[in-house]
Amino acid sequence: MHLTRDEELLLQGERGDTLRRAMEILVALGDIYEAERLIEIKSAQIAGVSYKTIGDAGLEWISDLNGKVAVPSILNPAGMDLLKWREMSIDEDFARKQLAIIDAYRRLGVAIECTCTPYLLYESIASRGDHLAWSESSAVSYANSVIGAMTNREGGPSALAAALVGKTPLYGYHLEENRVPTHVISVEADVKEYGALGFLAGKIVGDGVPLFVMRSRPDRDDLKALGAAMAASGSVALYYVKGVTQEPPQYDPDACEIIEIEDEDIRSVYDSRADAGDVDIVALGCPHCSLQELEGIADLLEGRKVSKELWICTSRRVAESAPETVRRIESTGARVICDTCMVVSPASERFSHMMVNSGKAFVYIPGMCGVKATLGSLEDCINAATGGS
C-alpha cells in the first residue's frame, strides 16, 4: 500500500506511540485487503464500548492510548444506562469498569453519545459520497444504503485507529465496483414491519448486496430495521430499495440471483409467537428508537399498564428531546433506557425469555445473552408486556 511521506512518519512513530499503533492497524488492514492507499474520512463510529464485550483487555488497551481523534467520532452503546445503571441492577464492579471505558474514550475526544443510530443525532456526520469508518453493523448498513455514504464494517480497534488518523484504507465498499447488486429480491407481500423481512433476506443473501423490488414503500425507520436484521442474520452492509433509496451503480441484471419473498415466508418467521406465554421481558429499540418510534410506542401504551418488564432503548439525546413522550411511556411502568441496549447489557441475562420486534435482537439475544428470544410485531410486543389489556 502506498503511503504519503506524512503517513510514513506516523508509522515510524514521529508523532507519538498512539498514532504509530493506529497506523500499524490501518496498514495491516490495507495489506490484507490489497488497498492501494489510505483515504480521508468524514467521521467514525466506534464499537467496542460495552465492558461486557471487551472486558479488561479492551479497557487496558483503550486506556493506554493518548491524543485526540482527528474527525468527529461517536461511540456505540455501552453496557448500561450511564446514569440509571443501578435501576438496571448492574453491579458496582461492572459499572466502575464501564465508566472507566467511557472516560478513556472521552479523553481521546470521542463524543460520549453511546448509540447505534448516530445519524439521528448529527445530520452532518455523514452525507452521500462521504467516506466513513463506522463499525456497528446496523449503522454501517444505514450509512451505505440510506444515506449513500461509503464505509466498510470496521472492528472497534480499526474504527478507533481511523478516527485517530482521520483515514482508512481504500477497499471494499469504498470502491464503486463493490457496490453493485448481487441479488434482486422481489417482495410479493404487503410488509408492515421490516425486521422479519430483513431476517429472511439476510439468511439468503449472506454478504451479498440485495436490490429490493417491493410493493410497499418503507420509511427511514423501516429501512433502519430492514438493514439491521440483514446485517445480523447475514452480513449485509449495503442494500437498495427500488424507488426509495439511491439507485445502484450500473450493473448486469443477468448476473444477479433472483429471489421471491411472499406473505407466507414472512409469516413463518413469526410462528414462534405461539410459545410466547413464558416471556418475562419485552425489549424494543434495536437499533435505538427514533423520536417517531418513541411517539408511536407511547400511543400504543396509552391507557395501559405493563404487567411484565418492558424496555425501550434509545439514545439519551433523543430521550431528552421528548420529555413528555418519555413521561407517557414511563407512566405505564415501562422503562426508557439510554446509552445501551438489550444485546450488549448484562442486565438482559437476568431474564429467561425475551420478546423483541427487532430482527437483529432476535438473532443476537440467544447467543450473546443466553436468553430465549421470540420475534413479534410491535403490537405483539406491547400486548405481551401489558397482558393484552
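An axis, as the word is used below, is a line fitted to C-alpha atoms, taken for helices over the stretch in contact, and the angle between two axes runs from 0 to 180 degrees between N-to-C directions. The exercises concern a predicted model.

**Exercise 1.** Determine how helix 2 (residues 17–32) and helix 6 are oriented to each other, and which residues make their contact.

Solution. Begin with the geometry: helix 2 and helix 6 pack at an angle of about 120 degrees, and their axes are 9 Å apart. Helix 2 is therefore oblique to helix 6, since an angle of 65 to 115 degrees would count as roughly perpendicular and one over 145 as roughly antiparallel. As to handedness, helix 2 passes helix 6 in a left-handed crossing. On the side of helix 2, the contact is made by Thr 18, Leu 19, Ala 22, Met 23, Ile 25, Leu 26 and Leu 29, while helix 6 brings Pro 157, Ser 158, Ala 161, Ala 162, Leu 164 and Val 165. Sorted by class, the contact of helix 2 with helix 6 has 11 nonpolar and two polar residues, and no charged ones.

**Exercise 2.** Decide whether helix 6 (residues 156–165) is largely enclosed, and describe the backbone just after it.

Solution. Apply the cut-off for burial, which is under 20% relative accessible area. The buried residues are Gly 156, Ser 158, Ala 159, Leu 160, Ala 161, Ala 162, Ala 163, Leu 164 and Val 165. Because nine of the 10 residues of helix 6 are buried, the helix is largely enclosed by the rest of the structure. Just after helix 6, Gly 166 takes a positive phi of about 85 degrees.

**Exercise 3.** Carry out the analysis of orientation and contact for helix 3 (residues 51–63) and helix 4 (residues 92–107).

Solution. The angle at which helix 3 and helix 4 pack is about 45 degrees, with the axes 10 Å apart, and the two helices are therefore oblique to each other. Helix 3 passes helix 4 in a left-handed crossing. The residues of helix 3 that meet helix 4 are Tyr 51, Lys 52, Ile 54, Asp 56, Leu 59, Ile 62 and Ser 63, and their partners in helix 4 are Phe 94, Lys 97, Gln 98, Ala 100, Ile 101, Ala 104, Tyr 105 and Arg 107. In the contact of helix 3 with helix 4, nine residues are nonpolar, two are polar and four are charged.

**Exercise 4.** Locate Ser 89 and Asp 339, which have a positive phi although neither is a glycine, and assign the exposure of each.

Solution. Ser 89, with a phi of about 65 degrees, is found in the loop between strand 3 and helix 4, and its relative accessible area of 47% makes it partly exposed. Asp 339, with a phi of about 75 degrees, is found in the loop between strand 12 and strand 13 (353–356), and at 2% relative accessibility it counts as buried.

Key
Residues numbered from 1 in each chain as written. Predicted model: local features only at pLDDT ≥ 70, side-chain atom pairs only at ≥ 80, totals over all residues. Heavy atoms only, no water. Helix = DSSP H or I, 4+ residues; strand = E, 2+ residues; numbered from the N terminus. Parallel < 35°, antiparallel > 145°, perpendicular 65-115°, else oblique. Left-handed = near helix turned anticlockwise from the far one by under 90°. Contact = heavy atoms within 4.5 Å. Nonpolar A, V, L, I, M, F, W, Y, C, P; charged D, E, K, R; others polar. Buried < 20%, exposed > 50% of the residue type's maximum accessible area, 1.4 Å probe, protein only.
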